[in-house]
Amino acid sequence: MACITPDGKLTERAKQILETLIKEGCKTEEEIASLVNRPLFQVRSSIREMVEAGVLERKEERVCITDKGREVYELGKD
């Protein structure tokens, strides 16, 4: 399941991950999976895709939202 549709919109899973990182700050993949109540394999797949899209970045063991990620999240809230 793609996290960002071809027209640039976020899926519910992507919104949930971004919202969690906005509220909680940088987290490990395991912490994110726990916070969004999703299986780790789904979260890892989503994170990989969102890193490629530039909305998330890896900082050592943690995943953080980028400025682009914040912009995309704000645009997708409507």
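**Entry 1: Leucine 56**

I looked up the contacts of leucine 56, where contact means heavy atoms within 4.5 Å. Leaving aside residues up to four places away in sequence, leucine 56 touches Ile17, Leu18, Leu21, Ile47, Met50, Val51, Val63, Cys64, Ile65 and Thr66. I note that this is a predicted model, in which local features need pLDDT of at least 70 and side-chain atom pairs count only at pLDDT 80 or more, while totals for chains, interfaces and linings use all residues. Residues are numbered from 1 along each chain as its sequence is written, and side-chain values use heavy atoms, with hydrogens and water left out.

**Entry 2: The nonpolar core**

I next asked which residues touch the most other members of the largest nonpolar core. The term denotes a set of buried Ala, Val, Leu, Ile, Met, Phe, Trp, Tyr and Cys residues joined through side-chain atoms within 4.5 Å. Buried means under 20% relative accessible area, exposed means over 50%, and partly exposed is in between (1.4 Å probe, protein chains only). This core has 18 residues, and Ile17, Leu18, Leu21, Ile32, Met50 and Leu56 touch the most other members. Two or more residues each come from helix H1 (12–24), helix H2 (29–36), H3, E2 and helix H4 (67–76). H1 gives the largest share, 4 residues. Helices (H or I, at least four residues) and strands (E, at least two) are DSSP runs, numbered from the N terminus. In soluble globular proteins, nonpolar side chains tend to be buried together.

**Entry 3: Isoleucine 47**

I found isoleucine 47 in helix H3 (residues 40–53). Isoleucine 47 counts as buried because its relative accessibility is 0%. Beyond residues up to four places away in sequence, isoleucine 47 touches Glu29, Ile32, Leu56, Arg58 and Val63. I also checked alanine 14, which is 33 residues from isoleucine 47 along the chain; their C-alpha atoms are separated by 8.5 Å.

**Entry 4: Helix H1**

I listed the buried residues of H1 as Arg13, Ala14, Ile17, Leu18, Thr20 and Leu21. They cover an arc of only 155° around the axis, so they are on the same side of H1; the arc is that of the directions from the helix axis to the C-beta atoms. The covering of these buried residues includes H2, H3, E1, E2 and H4. On the face of H1 turned away from its buried side, I noted the exposed residues Glu12 and Lys23. Glycine 25 follows H1 and has a positive phi, near 85°.

**Entry 5: The hairpin and the disulfide**

I saw that strand E1 (residues 56–59) and strand E2 (residues 62–65) run antiparallel and are joined by 4 bridges; two strands pair if DSSP finds at least two bridges between them. The hairpin has 2 residues between the strands, and glutamate 60 takes a positive phi near 60°. Glutamate 57 stands opposite cysteine 64 in E2.

Which residue does a disulfide join to cysteine 64? The partner is cysteine 26, with S to S 1.9 Å; a disulfide is a pair of cysteine sulfur atoms within 2.5 Å. Cysteine 26 lies in the loop between H1 and H2 and cysteine 64 in strand E2, so the pair ties together parts that are 38 residues apart in sequence. I recorded cysteine 26 as partly exposed because its relative accessibility is 33%, and cysteine 64 as buried because its value is 3%.
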